[in-house]
Amino acid sequence: MERIKLNDGNTIPVVGFGVFLIPNDGSTYKAVSDALKVGYRHIDTAAAYFNEEEVGKAVRDSGIPREEIFITSKLWIQDYGYEPAKKGIDASLSKLDTGWIDLYLLHQPYFDVAGAWKALEEAKKEGKLKSIGVSNMTPRLWNKYVSQFATMPAVNQVECNPFFQQRELRKILDAADVKIEAYFPLGHGAKNLLDNPLIDSLAKKYNKNSGQIILRFEVQDGLIVLPKSTNPARIAGNIDIFDFELTQDEMERMRGLDTGKGTHDPETPGMGEMLLEKFKIHD
Ligand code: A2P
């Protein structure tokens with residue numbers, strides 16, 4: 001698995017296995033165990049996914065040295081502000097029980113973001129968190145919040161796929177050497193993306209499936225990708241993207257698919273309150 005360097009010197013595997021919506025009823029343990037068996041070395045969870053315990057157990061039981069597995073988790077907005085964030089970080093560390101967390105993100109950009117960030121910075125200094133970053137920050141939210149931070153995030157995890165390439169955000173982040181992590185890198189399975197004629201023709205040329213072409217394009221374009229699949233063959237296939245390379249011309253044609261629009265707008269009024277209402281991770 002290829003890794004790339006973050007702006008704090010740590011490295012991260014470019015493809016990760018996401019566990020959003022997988023229940024903590026044995027399913028997460030099985031999914032993560034299977035993913036590790038087929039070669040994933042990067043698992044992306046969150047406090048608000050309610051499955052950190054099983055991610056941690058699968059990693060501990062895998063027999064793979066801890067240093068070889070990159071674990072990401074995220075602080076939920078219910079725990080924002082400096083003091084609550086310190087507790088939230090410790091809760092994630094205790095649920096995962098994997099010694100440290102490789103990357104810890106502020107899951108959503110609402111409420112006391114700066115206070116929560118300060119707690120992440122301190123936990124990084126203490127070695128509890130190796131790298132820290134943010135998520136769901138549009139260019140406007142990035143400029144608003146990051147100007148209040150003492151240190152630069154290592155990543156911003158956002159929705160990103162060939163129809164929504166985040167070019168404006170990427171200009172800002174590239175200048176600060178901040179990496180984008182793409183969630184919904186396959187457009188959340190949108191048929192018009194997976195069946196796109198350009199992607200389809202490249203799939204035939206390279207003897208890969210459409211999903212692999214999309215992921216290859218994204219990784220070759222400098223992104224870290226978090227594809228989601230429940231299908232064992234596609235789970236394995238989605239990391240089998242390192243034995244071919246798109247030409248510069250093909251990369252340009254793929255860049256031409258951008259429409260500049262995604263499905264989630266973090267700037268929607270009331271979004272923070274709505275999310276807080278929807279996901280309560282403790283009393
Ligand atoms: P499945 O679980 O049946 O594999 P995203 O990662 O953008 O959220 O997209 C996830 C969706 O894309 C899921 O519906 C998943 O379905 C589908 N998917 C995952 N990998 C591939 C692939 N390699 N080719 C086509 N569809 C895929």
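1. Let's start with a buried arginine. Arg66 has a relative accessible area of 13%, so it counts as buried (under 20% is buried, over 50% exposed, and anything in between partly exposed, using a 1.4 Å probe and protein chains only). Arg66 sits in the loop between α2 (52-61) and β5; helices here are DSSP runs of H or I with at least four residues, strands are runs of E with at least two, and both are numbered from the N terminus. Before going on, keep in mind that this is a predicted model, in which local features need pLDDT of at least 70 and side-chain atom pairs count only at pLDDT 80 or more, while totals for chains, interfaces and linings use all residues. Residues are numbered from 1 along each chain as its sequence is written, and side-chain values use heavy atoms, with hydrogens and water left out.

2. Next, helix α4 (residues 113-125). This helix has 13 residues and runs 19 Å from its first C-alpha to its last, close to the 18 Å expected at 1.5 Å a residue; the expected span is 1.5 Å times one less than the number of residues. At its start, a side-chain oxygen of Asp112 comes to within 2.8 Å of the backbone nitrogen of Gly115. Just after the helix, Gly127 takes a positive phi of about 85°.

3. Leaving aside neighbours within four places in sequence, Lys124 is in contact with Asp8, Leu129, Lys130, Ser131 and Ile132.

4. Most residues other than glycine have a negative phi, and most peptide bonds are trans. His188, in the loop between β9 (179-183) and α7 (191-194), has a positive phi near 60° and is exposed at 59% relative accessible area. Asn207, in the loop between α8 (197-206) and α9 (210-220), has a positive phi of about 55° and is exposed at 69%.

5. Now the pockets. A pocket is an open set of points on a 1 Å grid over the protein atoms alone, with protein on both sides within 12 Å along at least five of seven lines; a cavity is a set where a 1.4 Å probe fits but cannot get out, and lining residues have an atom within 4 Å of a point. Points are joined across faces, edges and corners, and a volume is the space filled by probe spheres set on them. The largest pocket has a volume of about 640 Å³. Its lining has 25 residues, with Phe20, Tyr49, His107, Tyr183 and Phe184 nearest the centre. Helix α12 (residues 271-278) supplies the largest share of that lining, 4 residues.

6. The second largest pocket holds about 320 Å³. Of its 16 lining residues, Leu186, Gly189, Leu194, Lys228 and Arg234 lie nearest the centre.

7. How many cavities of 30 Å³ or more are there? The count is 1, and the largest cavity has a volume of about 30 Å³. Its lining is made up of Cys160, Asn161, Pro162, Gln165, Arg170, Phe217, Glu218, Asp221 and Leu223.

Methods. A polar contact is a pair of N or O atoms within 3.5 Å; within protein, one must be able to donate a hydrogen and the other to accept it, and residues adjacent in sequence count only if both atoms are side-chain atoms. Contact means heavy atoms within 4.5 Å.
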